[in-house]
Amino acid sequence: MKKAGLFLLTAMLVAAALVAATASPVSASPAAAAKPIACTGLPVGFMGPITGSVAFLGDEQLHWAQFSLDSFNKANKTSFTLQQVDTQLNPSLAQTGATKLAADSSVLGVVGPAGSQEVQAVGSIYKRAKLAYVSMSATNATLTTGKYPTFFRVVGSDKSQADSDANFMIKKLHAKRVFIVDDQESYSTGIADEAGKVLKAKGVKVDRESVNQKTTDFSSLVSKISDSTTVVFLPWQVAANGQLFYEQMREQGKNAKIFGSDGLDSGDFKASGRYISSFARDIRGTRGTAGLIKSYESRYGSKWGTFGPPTYVATQAMLSAYKAACKDNKATRSEVLADMYKVKIGKTILGLPLSFNRHGDNPSAKFYVYQITGSKRTLVG
Amino acid sequence: MDLFVQQLVNGVTLGSVYALIALGYSMVYGILKLLNFAHGDVYMIGAFIGYGVLNVFGGSVSPVIPIPLLIVLMFGAAMLGSGLLGVAIERFAYRPLRNAPRIAPLISALGVSFFLQNAALLLFSPNFRSYDSFELSGGSLFLPLHAGVLKISPLRIIVIVATLGLMVALTLFVGRTQLGRAMRATAFDREAAAMMGIDVDKVIVVTFFIGSALAGAAGVMVGLVFQRVYHFMGFIAGLKGFTAAVVGGIGNIPGAMLGGLFIGLAESFSTVYLSSTFSDLIVFGVLIAVLLVRPTGLLGRADIKKV
């Protein structure tokens with residue numbers, strides 16, 4: 001009996017080792033990074049939350065990525081394609097998707113993922129595969145401190161978002177007491193920490209709370225909002241949760257101003273008079289974008305917000321690197337990575353120049369604050 | 001004081017939902033000694049049935065029938081649908097294993113749970129759905145009514161009153177009807193009950209129907225007050241409901257009610273007075289503390305066996 005048990009245990013260990021061995025991305029080795037690939041029909045990876053709680057965001061990003069790719073191919077007579085991976089904004093799904101993309105030697109660069117926690121989850125996979133990836137919306141400040149050497153982003157960092165949000169609350173909203181709730185994800189805690197620091201340094205009283213993303217009952221937290229609270233700040237990613245929080249505030253007669261970070265910038269968060277920070281300007285009405293918007297809307301409709309245009313720019317940056325690496329009609333991951341640092345766009349559709357510093361940040365990126373009442377979106381900071 | 005009273009309202013609302021879920025766990029355990037881990041997912045299906053009825057009748061923004069009737073229909077359909085689902089689960093997943101070792105139906109329960117979650121994922125996609133009940137009647141169901149320091153919205157009153165009504169009805173059913181007596185007899189000794197002429201299969205079917213119907217009602221309540229429904233919502237709620245059943249004394253109906261309220265209040269008060277970050281840790285810490293002091297739960301009694 002003991003022998004049988006030992007045999008079973010050994011068999012299980014061997015099976016586990018085999019599974020682990022087959023699961024490891026063989027072609028994600030550094031050698032794969034130097035392998036030249038023919039440029040015809042070369043795929044660009046795309047990672048975004050195409051389904052799940054923030055599917056509206058992923059859909060928008062996917063459409064703008066596809067639109068950017070088609071425009072680029074048409075203008076440059078190239079034939080790049082998009083290979084999409086759905087992450088649902090879930091780090092473990094992002095890891096699985098990243099393993100798949102890294103194992104595909106024809107993928108030389110990736111647009112995405114969308115969330116900071118996903119970037120952290122895929123960092124070591126892409127570092128090992130020497131695979132460049134450019135995020136259109138990941139803003140966590142720690143992502144560009146050198147820990148993720150193949151990472152780039154077209155938007156600003158949470159540190160600059162938190163600083164600009166906190167200063168806006170002080171200068172424009174005359175905040176005396178701010179109620180900050182993080183959603184226990186790295187994106188959220190990063191902004192909440194930094195904004196809290198800036199507010200406290202300027203003498204504003206800060207109440208700091210925390211709640212899980214899966215929670216729908218915020219009533220106990222709402223009860224804690226004091227009558228002297230001027231602003232409730234929600235640096236969250238699930239816009240529907242922001243709306244629930246607002247409705248539960250209304251239910252308890254709390255009238256503080258509500259301010260959401262860029263993660264809440266969607267139609268699901270409908271609080272009237274809300275303030276929203278955004279990593280990109282609303283390009284509607286911006287000079288030189290009318291034709292592009294018309295062309296986009298004829299294909300995908302007019303329901304889009306601020307997540308799409310940065311994806312257009314991120315895709316454009318990655319395709320520029322692909323094109324540069326494809327000079328001899330063959331390209332490697334190492335070449336695409338090196339060419340990402342050389343990308344320079346004088347003026348993107350966001351109205352700002354684009355280039356990357358040695359840690360992958362765009363030095364020209366900045367944040368904006370909008371006040372939204374009904375369908376009216378006013379740039380206020 | 002205001003804050004304390006407000007937490008009572010929040011805790012009782014949440015506790016009402018947990019209590020209704022806990023009742024299903026407790027009733028099934030009382031009769032079959034089975035932990036029905038699919039129960040949380042029956043609650044999820046109930047929430048989706050309520051969502052479906054709401055949308056069939058025009059949705060929250062423009063309902064085509066009067067709102068009270070709409071709410072009654074949502075509850076009715078969710079309770080009926082969940083109850084029938086519970087009966088089907090019992091018939092196909094548990095009854096064939098009734099005389100198998102106790103681990104077999106437990107595994108079967110986990111299998112049913114995964115099946116329901118994935119079926120909902122397939123049918124409704126992973127996207128969140130919202131009851132948008134804030135739009136019902138122009139938001140008036142969420143506007144707080146004031147009574148001294150107490151602020152409570154009509155929707156929370158509906159939830160608390162509906163829960164109380166269902167609990168009273170269940171207590172009367174179990175205590176005063178012939179079928180209720182049969183349920184108690186079966187819970188006490190299934191074999192002896194069968195020998196006394198009680199149709200044990202029928203009792204079990206009724207137990208599953210009632211427990212699952214209550215979970216369906218809880219699903220609609222959550223949809224109305226907290227609005228968001230999705231395929232995985234049964235997991236945490238089921239876990240909390242199970243905890244409530246254990247705290248109250250699993251197998252004991254008043255214990256499940258008490259346990260639900262206890263967990264709901266513990267969660268609300270710990271969020272406000274201790275830490276919002278660790279409220280779940282505190283709730284499950286309370287569970288451990290209660291079980292250390294009273295291993296059979298607040299109202300549970302130890303089985304006494306003649307040896």
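Predicted model: local features only at pLDDT ≥ 70, side-chain atom pairs only at ≥ 80, totals over all residues.
Which residue stands opposite T378(A) in β14(A)? I started with that one. Q371(A) does.

**Entry 1: the hairpin of chain A**

I looked at how β13(A) pairs with strand β14, residues 376-379 of chain A. The pairing is antiparallel and runs over four bridges. Two residues sit between β13(A) and β14(A), and the strands form a hairpin. In the turn I checked G374(A), and its phi is positive, about 60°.

Then I checked strand β11, residues 274-278 of chain A. β11(A) pairs with β13(A) in the antiparallel sense, over five bridges. I looked up S277(A) and found V369(A) in β13(A) as its bridge partner.

**Entry 2: the sheet of chain A**

I traced the strand order next. It reads β8-β7-β9-β10-β11-β13-β14 in chain A. These seven strands make an open sheet with mixed pairing.

Helix α7, residues 186-201 of chain A, lies across β7, β8 and β9 of chain A. α7(A) runs at about 165° to β7(A).

**Entry 3: V343(A)**

I found V343(A) in the loop between α12 and β13 of chain A. Is V343(A) buried or exposed? V343(A) is buried, because 20 other C-beta atoms lie within 10 Å, and the cut-off for buried is 20 or more. I listed its contacts, leaving out residues up to four places away in sequence. They are A317(A), S320(A), A321(A), L354(A), S355(A) and F356(A). I also took the separation from G263(A): 80 residues in sequence and 27 Å in space, C-alpha to C-alpha.

**Entry 4: chain B overall**

I turned to chain B and counted 11 helices and four strands. The C-alpha atoms fill a box of roughly 60 × 45 × 35 Å along the principal axes. A compact globule of 307 residues would have a radius of gyration near 19 Å, and chain B agrees with 19 Å. Of the 307 residues, 52% count as buried. I also checked contacts with a separation of 6 or more: 77% of them join residues 24 or more positions apart.

I took α5(B) first, residues 154-176. It has 23 residues and reaches 32 Å from first C-alpha to last, close to the expected 33 Å. Its buried residues include L155(B), V159(B), L166(B) and L170(B). R156(B) and T163(B) are also among the buried ones. The buried residues of α5(B) pack against α1, β3, α6, α8 and α10 of chain B.

Then I took α2(B), residues 39-56. Its 18 residues should span 26 Å, and the end C-alpha atoms are 26 Å apart, which agrees. α2(B) is mostly covered, with 14 of 18 residues buried. G58(B) follows α2(B) and has a positive phi, near 100°.

**Entry 5: where the chains touch**

How many residues does each chain give to the contact? I found 24 from chain B and 23 from chain A. On the side of chain B, α1 and α10 are the elements that give two or more residues. α1(B) gives the most, with five residues. That side of chain B divides into 10 nonpolar, 12 polar and two charged residues.

Note on methods
Residues numbered from 1 in each chain as written. Chains lettered and ligands numbered in written order. Expected span 1.5 Å × (residues − 1). Buried ≥ 20, exposed ≤ 12 C-beta atoms within 10 Å, placed from the backbone. Contact = placed C-beta atoms within 7 Å. Nonpolar A, V, L, I, M, F, W, Y, C, P; charged D, E, K, R; others polar. Pairing = 2+ DSSP bridges. Axes fitted to C-alpha atoms, helices over the stretch in contact; angles between N-to-C directions. Rg over C-alpha atoms; globule rule 2.2 N^0.38 Å.
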